[in-house]
Amino acid sequence: GRFLDINTAGLILFGYDSKKELLSIDIVKDLFVHPETRPIYEQTLARDGYVKDFELVLKRKDGTRLVVLETSVAELDEQGNAVSYRGIMRDVTHVKDLQLQLVQFQKMETIGRLAGGVAHDFNNILMAIMSYCDLSLTTAGLEDSIARNLVEVKKQAETGAALTRQLLAFSRKQVLVPKVIDLNQVLTEMEPMIRRLLREDIAIVLNLDPSIGTIQADPYQIEQVVMNLVVNAKDAMPRGGRLTFQTTVKEFRSESQLEDVRIVEGSYVTLAVTDTGLGMDDLTPLKIFEPFFTTKEVGKGTGLGLSSVYGIVKQSGGYIFVTSQPNSGSTFTIYLPEVPLHSKHNLAEEHPAGTVQTRPAASQTILLVDDNAPVRSALSALLDLQGYNVFQASNGFEAIQLCTDQNMQIDLLITDMVMPFIGGHELSEKLSERYPHLKTLYMSGYAEDTVLREALSDHSSAFLQKPVSMKMFLEKIQSLLH
């Protein structure tokens, strides 16, 4: 269990100051992370007389994890027993870390697709529940107890909607409404809210670089990122501490590697959120952005907070890294592309009303297209109550055929974005050839960002993400038709 001799490369590999120091250590106790692998290694040597590329997880003098492949030959005595062995170690720590990251990436991408699909379907269910609650609450003579129950049902549906937003953020299917924003201003305005969220034994420090540029991101989603990191830091500091927010600018003049991640060339606004809490071991940061992974007790968290942070940052064109040591706190560092202040591309702006003269609601015609029957039925009933002429179709082909057969004038198309055969954007384009002044309201549980940007490229369309309240739904319709 001791070295007989080792070369200079071995001293460097294990981080010892002298050969004498390294030759005096107990290999099993001082080098092996998993001592139980040592007997397997020795048995293989005794049986075969050699090992080739035998993987060992070791540690340096400072405790840093080290993965090596060892190829050794046994030295035998006169009776043929192995009394020592000699060979080489090859450091493959970097390669193993890359393999782990690749497996992690593939797993997160797979779970992300699943989460996005589940959230899309669940949002349709919630949309129907909320719509029927709103319809029932408009019924005259409803008993107070029933009305209160319906209000509570709707509240619980809205809670479910908040959960699906986190799933969509992780899966990067969340529809972002980007604005050009000043990150320093966002943090400054959030400070009172952050202070209310934290306990009195946690101090807040804002180190905001006034020279940073602007970023293009969804303000609501950036706030969600900050709040999730704050909650995570609060839980990591049960005995109090300090939470620091630091903004800077980082320039990458060429494509670069940062912690084995390729960073696209450009200028980035960075946000580092540092706590002085419990910290993490070496393995936890590898899993921390996985959905449903949590170090908290059962019932104390969903495990979606940091995964949604990861999804939002990635969908915003950025990068996120975490560094931590046990009992030394953690730092989450976010890189978001810097944009010129004069950039005004903003999907969040309300589309101004068109110049076409509108008619009263009683004579306005709406074509409602959605492949989810309960959603379509509930929305149609609500629009009927408002006095609109409503025609329904379950898909794009049916909608086009309906317009041809009825030879009717349509003022507004309300369509789901994601449907079989013909999507909402393609349907709007086809109908716009027949109705040049057609307005379109897109709705979806999720939508690909590139498709959405193209669909909202003019002033005759708008978007709502399911599930949505009936108040917001009707207000959006009125803004398009007036």
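Ala399 is found in helix 12 (residues 396-406), where helices (H or I, at least four residues) and strands (E, at least two) are DSSP runs numbered from the N terminus. The structure is a predicted model, in which local features need pLDDT of at least 70 and side-chain atom pairs count only at pLDDT 80 or more, while totals for chains, interfaces and linings use all residues. Residues are numbered from 1 along each chain as its sequence is written, and side-chain values use heavy atoms, with hydrogens and water left out.

**Ala399 and its surroundings**

- Ala399 counts as buried because its relative accessible area is 0%; buried means under 20% relative accessible area, exposed over 50%, and partly exposed in between, with a 1.4 Å probe and protein chains only.
- Leaving out residues up to four places away in sequence, Ala399 touches Leu367, Val369, Ala393 and Leu427, and contact here means heavy atoms within 4.5 Å.
- Although Ala399 and Val369 are 30 residues apart in sequence, their C-alpha atoms are 6.9 Å apart in space.

- An open sheet of five strands, paired in parallel, has the order 14-13-15-16-17; two strands pair if DSSP finds at least two bridges between them.
- The edge strands of this sheet are strand 14 and strand 17 (461-465), each of which pairs on one side only.
- Neighbouring strands of the sheet are turned by 20° against each other on average, direction ignored, where axes are lines fitted to C-alpha atoms, for helices over the stretch in contact, and angles between N-to-C directions run from 0 to 180 degrees.
- Helix 13 packs on this sheet and touches strand 13, strand 15 and strand 16, and its direction makes about 155° with that of strand 15.
- Strand 13 and strand 14 (residues 389-393) run parallel and are joined by five bridges, with Val369 standing opposite Ala393 in strand 14.
- Strand 13, helix 11 (residues 373-385) and strand 14 make up a right-handed β-α-β unit; a crossover is right-handed if, with the strands pointing away from the viewer, the path from the first strand over the helix to the second runs clockwise.
- Strand 16 and strand 17 are also parallel and are joined by five bridges, and Thr440 stands opposite Ser461 in strand 17.

**Strand 15 within that sheet**

- Strand 15 (residues 412-416) is mostly covered, since five of its five residues are buried.
- In a regular strand the side chains alternate between the two faces of the sheet.
- In strand 15 both faces are covered, with Leu412, Ile414 and Asp416 buried on one side and Leu413 and Thr415 buried on the other.
- Four bridges join strand 15 to strand 13 (residues 365-369), and these two strands run parallel; Leu368 stands opposite Ile414.
- Strand 15 also runs parallel to strand 16 (residues 439-444), to which five bridges join it, and the bridge partner of Thr415 in strand 16 is Tyr442.
- Between strand 15 and strand 16 the chain crosses through helix 13 (residues 424-434), and this β-α-β crossover is right-handed.

- Three strands form an open sheet in the order 1-2-3, with antiparallel pairing, and its edge strands, strand 1 (50-59) and strand 3 (82-91), each pair on one side only.
- Neighbouring strands in this sheet are turned by 35° against each other on average, direction ignored.
- Eight bridges pair strand 1 with strand 2 (residues 65-76) in the antiparallel sense, and Glu55 stands opposite Leu69 in strand 2.
- Helix 4 (residues 37-48) packs on the sheet, touching strand 1, strand 2 and strand 3, and its direction makes about 165° with that of strand 1.
- Arg38 is found in helix 4 and counts as buried because its relative accessibility is 7%.

**Nonpolar cores**

- The largest nonpolar core has 38 residues, and those with the most contacts inside it are Ile194, Leu243 and Phe245; such a core is a set of buried Ala, Val, Leu, Ile, Met, Phe, Trp, Tyr and Cys residues joined through side-chain atoms within 4.5 Å.
- Helix 8 gives the most to this core, with seven residues.
- Apart from this core lies another, of 25 residues, among them Val390, Leu441, Val468 and Met470.
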